[in-house]
Amino acid sequence: MISFFLRRVLASVPVMLFVAVFVFLLLRLAPGDPAQMILGDQATPDQIAAIREHLGLNEPLPRQFIHWISSVLSGDFGTSLISDRPVIEMIGQRLEPTLALALVAIALTVLISVPLGVLAAWQHGKLVDRAVMVFSVVCFSVPIFVIGYILIGTFAVRMNWFPVQGYRPISAGFGQFAHRVVLPGLALASIYIALVARMTRASMLEVLREDYVRTARAKGLAEYTVLFRHALRNAAIPILTVIGTGFAMMVSGVVVTETVFNVPGLGRLVVDAVLARDYPLIQAIILLTAGTYVVINLLVDLSYAMTDPRIRYQ
């Protein structure tokens, strides 16, 4: 298992190197003068020269890359051009809301989608199965911002169960935190609930046809035990893959949800950085997002090694 995991770690190194080169060239090879793009059309030649000097754009490209990647590896992602604050500090301040929102969304996804998928597979071809499939299609088809506004209109405006917008950190009290994160978490989780439910159903349908499932039923085991202790455990690998990938997508794709619910996370920070042309901040967020994908994929691979005996004893 250790050798399997080490191979996956080594395979991720070229991926991160490619992403680092892409992020570095994103600013340097864009059409036009990067300094002009950052400052806008009204910038004076002195201002353009100052920003070029600040970003090191006057140096040769390989030297710029070596200097930049050395700073990144040491934890220095540069300084924001707009707020003149360290980029890593700005990201750190916005990281908690995004991670909290993603964790709540993935928890809701697992709690709702896995039982739905198991139920649909168990009742294959019946009314419950068709209802779950219709629910999945609807969640896939409706944009997240529409679902967000429906949730706000129903549970915040009409029923007054939740606040319309805003966020409270966990340090302010778990009750206030949970009260404000449930609706955006549910909106963000909607598409992943549909995806995981369909994947769970497909995996369970394959497993439920196996001989050991029929043997377990023939022994007189309760249907709940057969479904969740025997069938679901053996159908878990593709489900874990989708859940792990979904969590990485949630962390990097919360822009719409955070905008609708006014959550001050990384999604809002990306929007502000793009509008302000704050390239050091954009570069850092893209690089950290790619790193998140790599780490999540490594964890999924590790879950393979722990659940599949063919890999565990390599």
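Reply: Start with helix α6 and helix α8. On the α6 side, Asp129, Met133, Phe135, Ser136, Val137, Cys139 and Phe140 meet α8 (contact means heavy atoms within 4.5 Å). Their partners in α8 are Ser190, Ile191, Ile193, Ala194, Leu195, Ala197, Arg198 and Arg201. This contact of α6 with α8 has 10 nonpolar, two polar and three charged residues. (Ala, Val, Leu, Ile, Met, Phe, Trp, Tyr, Cys and Pro count as nonpolar; Asp, Glu, Lys and Arg as charged; the others, Gly among them, as polar.)

The model is predicted: local features need pLDDT of at least 70, side-chain atom pairs count only at pLDDT 80 or more, and totals for chains, interfaces and linings use all residues. Residues are numbered from 1 along each chain as its sequence is written, and side-chain values use heavy atoms, leaving out hydrogens and water.

Now the geometry. α6 covers residues 127-141 and α8 residues 174-207. (Helices are DSSP runs of H or I, at least four residues, and strands are runs of E, at least two, numbered from the N terminus.) The two pack at about 140 degrees, with axes 8 Å apart. (Axes are lines fitted to C-alpha atoms, for helices over the stretch in contact; angles run from 0 to 180 degrees between N-to-C directions.) α6 and α8 are therefore oblique to each other. (Under 35 degrees is roughly parallel, over 145 roughly antiparallel, 65 to 115 roughly perpendicular, the rest oblique.) The crossing of α6 past α8 is left-handed. (That is, the near helix is turned anticlockwise from the far one by less than a right angle; clockwise is right-handed.)

α8 also packs on α10. Their axes come within 8 Å and cross at roughly 105 degrees. α8 and α10 are therefore roughly perpendicular to each other. Thr200, Met204 and Val207 of α8 touch Leu227, Ala231, Leu232 and Asn234 of α10. Here the count is five nonpolar, two polar and no charged residues.

Next, the record. UniProt, in an unreviewed entry, places "transmembrane region" at several spans, including 134-157 and 177-197. (Positions use the numbering here, feature names are shortened, and annotations may be inferred rather than shown by experiment.) Residues 134-157 are 92% helix and 0% strand, with end C-alpha atoms 27 Å apart. Residues 177-197 are 100% helix and 0% strand, and their end C-alpha atoms lie 27 Å apart.
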